Amino acid sequence: MSVLTPTAPGGPTGTLAASSAAARTARRYASFALRRTGQALIVVVLAYVLVFAVLAAIPGDPISAQLDDPQAGYSEAEKAQIRAFHGLDRPVLVQLLVSLGHALTGDLGTSLSTAQPVTAMLGAAIPSTLALAATALVLAVLIAAVLALASRLLPEGPANTLVRALPAVFLSTPNFLIGLVLIQVLAVTLGLFSLVEPHSPGSTLAAALTLAIPVSAQIAQVFITALDEAAGQDYAEVALARGLRPGQVVVRHLLRPSLLPTVTIIGLVLGEVLGGSLITEAIFGRSGVGTLVQKAVAAQDVPVLLAAVVLSALVFVVVNLVIDLLYPLLDPRLRGKEDLR
């Protein structure tokens, strides 16, 4: 006669239950990730349609201006043939569908002003802008982290007050003024980089710092506020009462709950990083997507403008998608079934 004994929590039944719960959580997260990815794709397509409609509503284009120039000497048949080659003789809706279909295959069309493939033009400009934006974002996060941690670790006094005031100073300083000061100090006075080599590592670092300083201010303000709110919770006071040093309390108890709002603001300031790169590239004489957009605006080059704007929207959507997918990984409270919707 056997006696049934309860299984220990760590026994086979407990292990099986834990594995089953982990599998359900993984399935919910996979479904959540697929839904968010599908929504992101829809947003990108809608952005393409909206930008195309706005650009199509702008009167005139460089092709018509060249064709209608009496000195060009084009016959009516030649004008019709050139317009047909660029698809300008079709209804706007047909142009949109054709353009969208080509874009989905990686064909972004041909520049109206240079007759070069837009994909090749963007491919030549993206590395410079990507290096600038990525370096600026990393520097902004590092500056913000240093300011936020210093605001918690420094004792109350003039130094702490100065650290907490710096984000407001950074945010109120114009981008171009920071760039001019860095050029004067780092390039002219100290000679750390050459102005005639705008794509050198030193010049790239100075340009990225110009872009990072005002962006870091927003991240630092949110990070400092999140740390202050976490420091006011009961668990932080209990940790201090147990004898933990302030640095240990920050690392063990305050840092993780402060990451959610900080990661959110990092995704939101990405648009500012991309937009600020245009001004920064002009200040430091760099050639990138910003320079390409400036020339396209001056020449009314619709395919280039469309590709550049949609590319910016794509980057913004992808970064926010990644941040959205990171939320359940950063906060275990968001891993429940009701939250992954």
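A nonpolar core is taken here as a set of buried Ala, Val, Leu, Ile, Met, Phe, Trp, Tyr and Cys residues joined through side-chain atoms within 4.5 Å, where buried means under 20% relative accessible area with a 1.4 Å probe and protein chains only. The model is predicted, with local features needing pLDDT of at least 70 and side-chain atom pairs counting only at pLDDT 80 or more, while totals for chains, interfaces and linings use all residues. Residues are numbered from 1 along each chain as its sequence is written, and side-chain values use heavy atoms, with hydrogens and water left out.

**View 1. The largest nonpolar core.** Among the 29 residues of this core, Phe-193, Val-215, Ile-219 and Phe-284 touch the most other members. Two or more residues come from each of helix 5 (118-153), helix 7 (175-189), helix 8 (201-231), helix 10 (246-268) and helix 11 (270-284), the helices being DSSP runs of H or I with at least four residues, numbered from the N terminus. Helix 8 gives the most, with nine residues.

**View 2. Surroundings of Ile-219.** Leaving aside neighbours within four places in sequence, Ile-219 is in contact (heavy atoms within 4.5 Å) with Ala-140, Val-141, Ala-144, Thr-262, Ile-265, Ile-266 and Val-269.

Note on methods:
Buried < 20%, exposed > 50% of the residue type's maximum accessible area, 1.4 Å probe, protein only.
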